[in-house]
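The sequence and the structure are shown first.

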Amino acid sequence: MSGKIIKVSGPLVIAEGLEDANMADVVRVGEQRLIGEILNMTGGQASIQVYEETSGLGPGAVVETTGAPLSVELGPGIIENIYDGIQRPLEEIMKTCGANLKRGVEVPALSREKKWHFVPVAKVGDKVRGGDVLGTVQETAVVLHKIMVPVKLAGTLSFVAEEGDYTIEECIAKLTTDKGEEKPLTMVQKWPVRVGRPYEKKYPPIRPLQTGQRVIDTMFPIAKGGTAAVPGPFGSGKTVVQHQLAKWSDVDIVIYIGCGERGNEMTDVLREFPELVDPRTGESLMKRTVLIANTSDMPVAAREASVYTGITIAEYFRDMGYDVAVIADSTSRWAEALREMSGRLEEMPGEEGYPAYLASRLAQFYERAGVVECIGSDERRGSLTAVGAVSPPGGDLSEPVSQGTMRIVKVFWALDASLAYRRHFPAINWLNSYSLYLDGTKGWFDENLGPEFMQGRATAMRMLQEEANLQEIVQLVGKDALSPNDQLTLETAKMVREDFLQQNAFMDVDSYSSHQRQKKLMSMILDFDRLAREAVRRGAELEQIMAIPAKEKIGRAKYAAADEYEAVYDGISREMEAEIAAIVEKAGDIE
């Protein structure tokens with residue numbers, strides 16, 4: 001059915017004559033068939049947000065409803081692809097209409113020509129239900145794509161295709177329902193983006209996500225299936241932190257959503273990811289990555305859709321039993337899109353002009369994360385971890401998006417511009433950040449790294465807190481007025497900051513650090529503190545202890561090669577013990 005436009009206000013279009021349309025229906029607007037979505041209905045009038053530039057549209061133009069909500073296509077071909085906010089494949093569009101994205105262009109999200117090698121798992125006569133695996137396709141070298149029965153279907157398989165090459169639209173199985181209806185099944189299915197995919201059961205997140213970033217893994221860990229926010233002012237390194245998470249996290253799939261960010265940041269991702277090698281698989285990082293590029297110069301309404309598009313694709317891979325990470329950069333730009341559309345709809349504004357439903361929309365996004373038992377007859381457990389950047393204007397964390405996010409997420413990595421200006425990266429402020437997964441992940445850390453790992457973390461955090469307190473005294477009376485033990489606390493805290501928390505993303509050996517390596521590096525710094533305190537107690541001079549060669553070697557220890565670090569660290573520890581013992585012995589002789 002179709003209606004006619006009566007008003008155009010930027011990305012918002014009002015149309016009449018759509019009495020039979022539904023809320024959230026996708027519509028085609030004007031001669032160019034621009035994609036839009038119905039936001040609200042008043043009688044036969046519909047308010048439509050258009051996901052493309054609306055210049056040239058005017059009253060009288062035709063609006064046709066498709067009768068279906070905004071949905072994504074799910075099937076082989078998603079991995080390694082680059083989509084816009086409404087899942088249009090940008091590379092395919094570039095082949096058809098050049099470098100500039102034309103309005104109204106219709107290109108399917110997944111290739112209809114490409115053939116995939118299907119290997120059946122189910123057989124004729126099997127009773128199946130939604131989520132059961134029919135067969136597999138090796139999508140990339142590292143991702144085995146499981147072709148699943150669509151969620152709402154159940155019945156008996158009357159036909160299963162033989163192993164071979166098929167397009168995503170060819171029938172690979174037929175299912176007879178309990179009512180006797182025969183349903184052909186293909187490799188592709190559709191799912192509405194604003195509806196979370198179902199699961200059997202949700203579990204508490206207890207396994208840490210290893211990111212290779214020491215300040216995150218040791219100090220403020222996030223669990224697989226957890227939620228985290230990376231807030232910080234302009235230039236504090238939000239995007240860099242998120243790139244590091246996307247590159248090195250030990251997940252099977254990464255969905256990177258560039259939501260309203262600058263185009264050059266997405267360009268960095270597109271250039272870097274194909275060249276970077278995943279330390280776990282040895283393959284290019286693009287082999288497990290989906291990019292959703294919705295940059296700041298693209299239509300504002302599509303920003304809102306891009307976040308839902310990304311998390312729906314993530315849920316699809318989660319349902320296969322994979323660990324998936326969704327990196328959204330940045331949710332503030334998404335909230336700005338909500339604010340603009342809300343203003344055009346003439347809704348009552350909330351705080352700072354954001355709509356009153358901002359907090360609930362943020363919650364709807366983050367609540368789709370979690371560790372779940374996937375639907376289907378065989379037991380599969382998947383996880384979806386959501387990490388969102390927040391860009392508060394002027395770094396003010398009291399603004400609505402930051403506050404709404406902090407109420408929902410359980411990990412808060414507070415970025416600090418002053419650390420970034422001092423070239424301390426990742427610029428996560430250890431005094432303002434927190435993780436509520438410490439208790440949940442403690443069992444895993446104790447089992448895999450020993451109880452001394454969490455004890456060492458607590459000691460290091462205490463020293464950083466004490467350093468902050470002592471710095472105030474130092475500014476008043478100077479460092480020399482402190483006791484030797486307090487001076488040693490300052491020195492150890494400095495080692496924790498500079499030798500442990502600081503990482504160099506431009507050096508491959510330091511860009512990624514395994515849990516075991518982090519544990520050994522931290523224990524070496526804390527051993528120095530313990531030995532130095534004992535030596536001072538026995539009469540040794542603090543200046544002499546600070547001048548030992550082994551201390552300087554600890555500072556360079558993080559640059560030891562990945563296959564040599566254990567021997568290097570053990571050697572430094574032996575040297576340190578011997579050098580401090582010699583100083584203590586000398587002090588005893590003098591006495």
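In what follows, a residue is called buried when its relative accessible area is under 20%, exposed when that area is over 50%, and partly exposed in between. R112, with a relative accessible area of 22%, is therefore partly exposed. The model discussed here is a predicted one.

**Salt bridges in the chain**

Side chains of opposite charge can pair when their charged atoms come close. A salt bridge is counted here when a side-chain nitrogen of Lys or Arg lies within 4 Å of a carboxyl oxygen of Asp or Glu. The count by this rule is 40 salt bridges.

| Pair | N to O distance |
|---|---|
| R112 and E169 | 3.1 Å |
| R462 and E466 | 3.6 Å |
| R556 and E552 | 3.0 Å |

**A pair between distant parts of the chain**

The salt bridge of R112 with E169 joins parts of the chain that are distant, the two residues being 57 residues apart. R112 belongs to the loop between α1 (90–97) and β9 (116–120), while E169 belongs to the loop between β14 (164–166) and β15 (173–176).

**Pairs within a helix**

Helix α16 (residues 549–556) holds R556 and E552, and because they are four residues apart, about one helical turn separates them. Is E552 buried or exposed? With a relative accessible area of 54%, E552 is exposed, whereas R556, at 48% relative accessibility, counts as partly exposed.

**A network of charged residues**

Salt bridges also connect residues into a network, which links R28, R33, E64 and E106.

E379 is located in the loop between β23 (370–373) and β24 (381–390). Its relative accessibility is 74%, a value over the 50% limit, so E379 counts as exposed. Between E379 and D510, which are 131 residues apart along the chain, the separation of the C-alpha atoms is 38 Å.

Methods: Residues numbered from 1 in each chain as written. Predicted model: local features only at pLDDT ≥ 70, side-chain atom pairs only at ≥ 80, totals over all residues. Heavy atoms only, no water. Buried < 20%, exposed > 50% of the residue type's maximum accessible area, 1.4 Å probe, protein only.
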